[in-house]
Amino acid sequence: MSLTTQDVQKIARLARLSMNESEIEAARSQLSGIFELIAEMQAVDTTGIEPMSHAQELSQRLREDTVSEPDQRAAFQAIAPQVEDGLYLVPQVIE
Amino acid sequence: MKWEIVIGLEVHTQLSTNTKIFSGASTAFGSEPNTQADAVSIALPGVLPVLNKGAVERAIKFGLAVGAHIAPRSVFARKNYFYPDLPKGYQISQMDLPVVGQGALTIQVEPLSGNAKPYEKTVRITRAHLEEDAGKSVHGATQSMTGIDLNRAGTPLLEIVSEPDMCSAAEAVAYAKALHSVVRWIGICDGNMQEGSFRCDVNVSVRKPGEPLGTRREIKNLNSFKFMQQAIDYEVQWQIDTLENGGKIQQATILFNPDTGETRAMRSKEDAHDYRYFPDPDLLPLDITPAMLDAVRSTMPELPTTKRERYTGSFGLSAYDANSLTSSREMAEFFDTTVGIVGGANAKLAANWMTGEVSAQLNRDNLEIAQCPISAAQLGGMLARIADGTISNSGAKEVFRALWAEGGDADAIIEAKGLKQVSDSGAIEKIIDEVMAANADKVTEYRSGKDKLFGFFVGAAMKASQGKANPAQLNELLKKKLAG
């Protein structure tokens, strides 16, 4: 499978990446390579093999439902670009 | 030709855990902005999610309550989209393998129109999955900036998805109410709709009978049952009008405006539905072992349906009474405790008082059953005195008023107010004799066929006894004596 320039532009937009033409072309070629690898794997007959959702055959460890995180707002907000009244400020979002 | 309405619901219930789904930050409501936004909630680089056992247990509880399949292995996935209240750039949710599979909920529908009778219906539940909530955007505080509060980010949600089994606003509201009651009953969600603990998205479409499903529009974020009904009614009419005027329905996400009673489409975000789900590599599959399932099962309270069956079966209550008594777990537990005191043989008496006097007084004082000034023990104590004939029903009402206003116990009030009813047949006969002697003319009329006067004699004798005569005994003796 080979990706078109439009495919790459769409993926870049979804990932909020700004790319110029030469970057798009480079990404197109690299992504196409990845898709070729996937196509190779897809071709393997996996009949009867249970799909895995994670590379490790382990199960999720669970955490007790007890509060363990103190309030560290001051520390976190010290490195934020802009804060006011305890809120993180971002460029206006219009619904 | 008539239109058929097809409705399905997606309900986000906020789980009542102490901490977030993937970190140990508190979920308490109403704290100062971002004081509960820890490194995981604000998505600092390098942090990893660790799943909250309490959230998993609550999801299992829900599955058990609706008779659903609990997945022995379920998987968390990333749902990718950009919004500032979601700092990771993706929401951790479940896609292909949700924790709760197919189940069902039986609902009692009260039709909204005219004389239609209430009926029962079973709504199929497609699935329920665990996911994290996003933060909150605060608009307008600062010029051309939006404030972000991430206290809510990472709060555990159980999204419960129904099949499109409802065909009226009344059914959709009945389902939402039943679900609301179940999640509170099993204690997995506080059900506080104002605080957003129970949020409903409603998918609505219309079609001609026999035709395939029409295009649906999704009404987002309804947080009151009243608004839900208004929004559905408006939306259904809008879709029918549009189609009958030759228009087409476009799939859309819409909002309901309670001030105008109208629905309107949200501006469609470009690529909004391209979420590019994939299994989250930060989280291993969730395995629910039989042991964990059994442990959760052992903490399940008796469910409303089981209670209703017991009430109608063992106690002989009407379906209506059984429904009222199971409208909340607090109500049912109050009733169970009361019956524990007066005995199953008097369950009907207890039910009558609960659905009658107690409910009416709670309504008048605008109280919930949990705030009832009379305890189940106090009510039971009083009902026991009705059951053993110590007080009449009208005497009991006086005791009830005293208990409500001043507290205390029934026996002391009966003693203090002299409400003990006269069950001594000699004493009652004496009263009857006096009443008959004072109304000799009416006795003659009665005996010559004017049966209606019986009520007069009952009233007069009861009055002469100052309301204390045992009514059943009084009736019986009066009948005998008047017959001559």
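# A tour of chains A and B

Start in chain B by selecting the open sheet of eight strands, which has mixed pairing and the order β6-β7-β10-β1-β11-β12-β13-β14. Its two edge strands in chain B are β6 (103-109) and β14 (262-265), and each of them pairs on one side only. On average, neighbouring strands of this sheet are turned by 30° against each other, direction ignored. Keep in mind as you look around that this is a predicted model.

Select β5, β4 and β15 of chain B. In that order they form an open sheet of three strands with antiparallel pairing. The edges belong to β5 (90-93) and β15 (278-279) of chain B; each has a single partner strand, so one side of each is left without a neighbour in the sheet. Strand β4 (residues 77-80) of chain B pairs with β5(B) over four bridges in the antiparallel sense, and within that pairing A77(B) has S93(B) as its bridge partner.

**Where the chains meet**

Colour the two chains separately and show the contacts between them: 32 residues of chain A are in contact with 42 residues of chain B. Which elements of chain A give two or more residues to the side that touches chain B? They are α1 (5-14), β1 (62-63), α3 (73-78) and β3 (87-91) of chain A. Of these, β3(A) gives the most, with five residues. Coloured by class, this side of chain A shows eleven nonpolar, ten polar and eleven charged residues.

At one of them, β1(A) and strand β2 (residues 51-52) of chain B run parallel, joined by two bridges; look for L62(A) opposite L51(B). At the other, β3(A) runs antiparallel to β9(B), with four bridges between them.

Four of its five residues are buried, so the strand is largely enclosed by the rest of the structure. Strand β8 (residues 136-142) of chain B also runs antiparallel to β9(B), with five bridges joining them, and H139(B) stands opposite T146(B). β8(B) and β9(B) make a hairpin with two residues between them, and S144(B) in the turn has a positive phi of about 55°.

**Last stop: two helices**

Finish with helices α9 (residues 376-387) and α11 (residues 410-417) of chain B, whose axes come within 8 Å and cross at roughly 55°. The two are therefore oblique to each other. To see the contact, show Q378(B), G381(B), M382(B) and R385(B) of α9(B) together with A410(B), D411(B) and I414(B) of α11(B). By class, the residues of this contact are three nonpolar, two polar and two charged.

Definitions and conventions: Residues are numbered from 1 along each chain as its sequence is written. Chains are lettered from A and ligands numbered from 1 in the order in which they are written. This is a predicted model: local features need pLDDT of at least 70, side-chain atom pairs count only at pLDDT 80 or more; totals for chains, interfaces and linings use all residues. Two strands pair if DSSP finds at least two bridges between them. Axes are lines fitted to C-alpha atoms, for helices over the stretch in contact, and angles run from 0 to 180 degrees between N-to-C directions. Two residues are in contact if their C-beta atoms, placed from the backbone, lie within 7 Å. Ala, Val, Leu, Ile, Met, Phe, Trp, Tyr, Cys and Pro count as nonpolar, Asp, Glu, Lys and Arg as charged, and the others, Gly among them, as polar. A residue is buried if 20 or more other C-beta atoms lie within 10 Å of its own, exposed if 12 or fewer, and partly exposed in between; C-beta atoms are placed from the backbone. Angles under 35 degrees count as roughly parallel, over 145 as roughly antiparallel, 65 to 115 as roughly perpendicular and the rest as oblique.
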